[in-house]
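Reader: I would like to go through the labels on this structure. Please set each one against its cut-off.

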Amino acid sequence: MVLYRPVGAEELRLIEGSGFTAFPPRLPEQPIFYPVLNRQYAAEIAERWNTMDKNSGFQGFITQFEVDDAFAARYPVQTVGRSYHQELWVPAEELEAFNRHIVGRIEVIARFLTEQGV
């Protein structure tokens, strides 16, 4: 399954630190990891939310990666807005196992920034 994850600059640095093979652990106030199912939705989050967030460095990136289909199937698709606003909800405590089922590397496929993020 091909998935997308919009991230800010700090999360991208942590992904890079893993050799682009894993997503970092969630913060205590983040009970779920939510990769999204399509690039359009990922772009909306990266461009509209991450670029407005100081903690994201006023930058948004779209990462693309693959997860073993059988493993991904354990997480039902959640529609959280418009019909294409689809995510998988991975409990924070399962992120390490999720990372082990990533096939290949996590790729950065787009970047968005504001003047503050330059």
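Predicted model: local features only at pLDDT ≥ 70, side-chain atom pairs only at ≥ 80, totals over all residues.

Reader: Why is phenylalanine 71 called buried?

Author: Buried means under 20% relative accessible area, exposed over 50%, and partly exposed in between (1.4 Å probe, protein chains only). Phenylalanine 71 has 8%, so it is buried. Its place is in helix H3; helices are DSSP runs (H or I) of at least four residues, strands (E) of at least two, numbered from the N terminus.

Reader: What makes aspartate 69 exposed?

Author: Its relative accessibility is 53%, so aspartate 69 counts as exposed. Aspartate 69 is found in helix H3, residues 69-72.

Reader: How do you know that glutamate 11 forms a salt bridge with arginine 5?

Author: A salt bridge needs a side-chain nitrogen of Lys or Arg within 4 Å of a carboxyl oxygen of Asp or Glu. The closest N and O atoms of glutamate 11 and arginine 5 are 3.5 Å apart, which meets that limit. Glutamate 11 is buried at 16%, and arginine 5 is buried at 3%.

Reader: What makes arginine 100 and glutamate 96 a salt bridge?

Author: Their closest N and O atoms are 3.7 Å apart. Arginine 100 and glutamate 96 are 4 residues apart in helix H4 (residues 95-100), so about one helical turn separates them. Arginine 100 is exposed at 57%, and glutamate 96 is exposed at 59%. Elsewhere, salt bridges that share partners join Arg5, Glu11 and Arg26 into one network.

Reader: How many salt bridges does a search of the whole structure find?

Author: The search finds 4. One of them joins arginine 13 and glutamate 10, at 3.0 Å from N to O.

Reader: Which residues gather in the patch of negative charge on the surface?

Author: They are Glu66, Asp68, Asp69 and Glu107. Patch residues have over 30% relative accessible area and no salt bridge; like charges are joined within 9 Å, and nonpolar side chains (Val, Leu, Ile, Met, Phe, Trp, Tyr) within 5 Å.

Reader: Why is glutamate 66 called partly exposed?

Author: Its relative accessibility is 42%, so glutamate 66 counts as partly exposed. Glutamate 66 is found in strand S3, residues 59-67.

Terms used:
Residues numbered from 1 in each chain as written. Heavy atoms only, no water. Areas by Shrake-Rupley, 256 points an atom, 1.4 Å probe, with all protein chains shown as cover. Lys, Arg positive; Asp, Glu negative; His and termini not counted. Charge placed at Lys NZ, Arg CZ, Asp CG, Glu CD.
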